[in-house]
Amino acid sequence: MSGDEAPLALVVVGNVTTEGRIRSIMKHQGWRTEFCSDGDKAVDEYVRLRPDMVLLSLDIPSMDGHIAALEMRESDYNARIAIVTSRSGKEKAEDAAYSTGAVGVLVTPLTQTVFDEQWEAMMGDIPPAIGLADLDELYPEVEEPEAPLEPPMPFPPMMPPMPEAVEMPLVPLPGGEALAPVEEKPPKKKLGWFGRFLLLIIIATAAGGVYVAMYGIPEELPFEIPSF
């Protein structure tokens with residue numbers, strides 16, 4: 001307990017009614033109170049506040065009160081802890097008190113009389129916390145699973161090899177000779193307009209020659225040749 005400042009009690013019970021009674025009783029005893037309802041956070045609060053006493057229930061969220069008490073004793077072997085329990089959980093609370101070296105077991109409903117009967121023991125010597133030797137087994141550190149590695153991207157499928165040029169087999173003829181494979185000829189080019197015009201002139205000239213050969217040159221032309 002420090003100087004003229006009132007001693008501090010950290011209350012971790014997670015019950016509004018019980019918290020109200022503890023606040024009233026501890027104020028009557030001349031103590032200040034801080035409240036926490038989470039077991040894991042309570043350990044951090046103990047390290048931060050360094051209270052003169054902790055009133056702790058076993059049934060609290062995120063971390064069992066038994067483990068939370070051992071964590072506090074591990075951080076400060078002189079932590080003064082009292083276990084708060086219901087009548088039905090008294091036997092379990094007494095086992096936890098023995099393991100954590102608690103200075104008392106307070107059974108609800110809490111009254112001034114309950115505190116008066118336990119107060120001398122609560123302010124006495126702090127028993128050893130024999131459960132610290134088994135803390136790692138009681139609360140092993142859980143390693144976070146590593147994120148699974150993404151499977152490697154599959155290689156693209158291999159392109160099939162290009163087929164080699166296939167030679168056409170020789171076709172046997174009835175006489176026993178082999179017929180060579182027919183070579184494909186390139187397609188003929190189409191004639192342009194000039195080629196078509198030239199072809200028409202050639203055809204017309206040839207037709208005129210045939211006519212002269214058959215009938216001779218006519219004496220009179222079917223049209224007059226203009227004179228210049």
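**Entry 1: S57.** I began with S57 and left aside its neighbours within four places in sequence; the residues in contact with S57 (heavy atoms within 4.5 Å) are V12, V13, G65 and V84. I am working from a predicted model, in which local features need pLDDT of at least 70, side-chain atom pairs count only at pLDDT 80 or more, and totals for chains, interfaces and linings use all residues. Residues are numbered from 1 along each chain as its sequence is written, and side-chain values use heavy atoms, with hydrogens and water left out.

I placed S57 in strand β3 (strands are DSSP runs of E, at least two residues; helices are runs of H or I, at least four; numbering is from the N terminus). Is S57 buried or exposed? S57 has a relative accessible area of 10%, so I noted it as buried (buried is under 20%, exposed over 50%, partly exposed in between, with a 1.4 Å probe and protein chains only).

**Entry 2: the whole chain.** I counted next. The protein has 7 helices and 7 strands. Along the sequence I read their order as β-α-β-α-β-α-β-α-β-α-α-β-β-α. The protein has 228 residues, and 29% of them count as buried. I then took the contacts between residues at least 6 apart in sequence, and 61% of these join residues at least 24 apart.

**Entry 3: aromatic rings.** How many aromatic pairs does a search of the whole structure find? The search gives 1 aromatic pair. I checked accessibility for W31 and W119, and both are buried.

**Entry 4: α1 against α5.** The axes of α1 and α5 come within 10 Å and cross at roughly 55 degrees (axes are lines fitted to C-alpha atoms, for helices over the stretch in contact; angles run from 0 to 180 degrees between N-to-C directions). I therefore wrote down α1 and α5 as oblique to each other (under 35 degrees is roughly parallel, over 145 roughly antiparallel, 65 to 115 roughly perpendicular, the rest oblique).

Which residues of α1 and α5 meet? From α1 I listed I25, M26, H28 and Q29, and from α5 Q112, F115, D116 and W119. D116 belongs to helix α5, and it is partly exposed because its relative accessible area is 46%. D116 and Q29 are 87 residues apart along the chain, and their C-alpha atoms are separated by 9.8 Å.

Entry 5: T18 is another residue of helix α1. Its relative accessibility is 14%, so T18 counts as buried. Apart from neighbours within four places in sequence, T18 is in contact with V13, V84, T108 and L110. I followed T108 and came to a cis peptide bond: it joins T108 to P109, with omega about 0 degrees. P109 itself is in the loop between β5 (104-107) and α5.

**Entry 6: E45 and R50.** I found E45 in helix α2 (residues 39-49). With a relative accessible area of 16%, E45 is buried. Leaving out neighbours within four places in sequence, I listed L10, C36 and R50 as being in contact with E45. R50 needed its own note. R50 is not a glycine, yet it has a positive phi of about 50 degrees. I located R50 in the loop between α2 and β3 (53-57). R50 is partly exposed, its relative accessible area being 42%.

**Entry 7: S62.** S62 lies in the loop between β3 and α3 (65-75). I noted S62 as exposed because its relative accessible area is 52%.

Notes. Rings of Phe, Tyr and Trp (its six-membered ring) pair if their centres lie within 6.5 Å; planes under 30 degrees apart count as stacked, over 60 as edge-to-face and the rest as tilted.
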